[in-house]
Every structure is written in C-alpha cells, then in structure tokens.
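This report describes selected features of the model shown below. It treats a strand pairing and then a nonpolar core.

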Amino acid sequence: MSLELLPQRMQAAIRIDEEGPHYNGTPCWVWTAEINRNGYGTFRVIITPGHRKRKMAHIEAYVIIKGDYDRVLLLDHLCRNRPCCNPDHLEPVTVKVNTLRGEAVLFKPLPKATEASQ
Ligand SMILES: [Zn+2]
C-alpha cells in the first residue's frame, strides 16, 4: 500500500507514524491537517467557485486506493485510530457491526484497583 497513490495535497497532510500504533504489521497514516470534533481527518474541496464541501480524509484515501464501497456501510478503523487514513486499516462494515465494535472498546473492563492494593 503506497501513499504515493494519493494526490500530492493529501500526501502532504499525512504522516506515516512508524513509532505510533500499527495494525496488521503496518503503521497508521496519521492525518495532520484539520480534524473534526469526532476525531476524523477532514479537508475542504472546491466543488464550484464559491462552493466548498468538507470531505473525510480516511474515506477519500480508501476510495482512491481501494475503490468505491457501498455507501450504506461505514468505514471502520480496525486500528482504532480515528485520524488514520491507511486503507489497510479500514474496513466497510454495517452500522450495527460498527456500533458493536465501538461498544466493545468503550466497555473494556478497567483493572480493579482493589486487587492491586492487596
Ligand atoms: Zn491505522
């Protein structure tokens, strides 16, 4: 999977984080430009003069490199790193699967403080 497949403008906004989280042996491609309040990378494109549209960086990267997917589905970050744009770290899943996976992370049991103190 090569970053060079993306337009220059997107490449410039991505930092391949060799030191950071990896998924399946490959590092995250961390979006370093605009991040929305949900933690996803975004950028603006000019549709027509005076009319701009905000795009999601990870969706754009996936579509350019892997091809389009059924837009009923959501692109799930397998690496759990929302600013990541590495198409190998993204998988189109149903809303239901995405929610279940999200909850699995949210409700991961915390270590019990009492056990450590005994
Ligand atoms: Zn990643």
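## Strand pairing

In which sense do S3 and strand S4 pair, and over how many bridges? In this predicted model, S3 and S4 pair in the antiparallel sense, over six bridges. Strand S3 covers residues 42-48, and strand S4 covers residues 51-56.

Strand S3 lies largely in the open, because the number of buried residues among its seven is zero.

## Nonpolar core

The largest nonpolar core has 16 residues. Those that touch the most other members are Ile14, Trp29, Val30, Ala61, Cys84 and Cys85. Two elements give two or more residues to this core: strand S2 (26-31) and helix H2 (57-66).

Trp29 lies in strand S2. Trp29 counts as buried because 29 other C-beta atoms lie within 10 Å, where the cut-off for burial is 20 or more.

When neighbours within four places in sequence are left aside, the contacts of Trp29 are Leu3, Ile14, Ile16, Cys84, Cys85 and Asn86. Among these contacts, Ile14 is 15 residues from Trp29 in sequence, and the two are 5.9 Å apart in space, C-alpha to C-alpha.

Notes: Residues are numbered from 1 along each chain as its sequence is written. This is a predicted model: local features need pLDDT of at least 70, side-chain atom pairs count only at pLDDT 80 or more; totals for chains, interfaces and linings use all residues. A nonpolar core is a set of buried Ala, Val, Leu, Ile, Met, Phe, Trp, Tyr and Cys residues joined through C-beta atoms within 7 Å. A residue is buried if 20 or more other C-beta atoms lie within 10 Å of its own, exposed if 12 or fewer, and partly exposed in between; C-beta atoms are placed from the backbone. Helices (H or I, at least four residues) and strands (E, at least two) are DSSP runs, numbered from the N terminus. Two residues are in contact if their C-beta atoms, placed from the backbone, lie within 7 Å. Two strands pair if DSSP finds at least two bridges between them.
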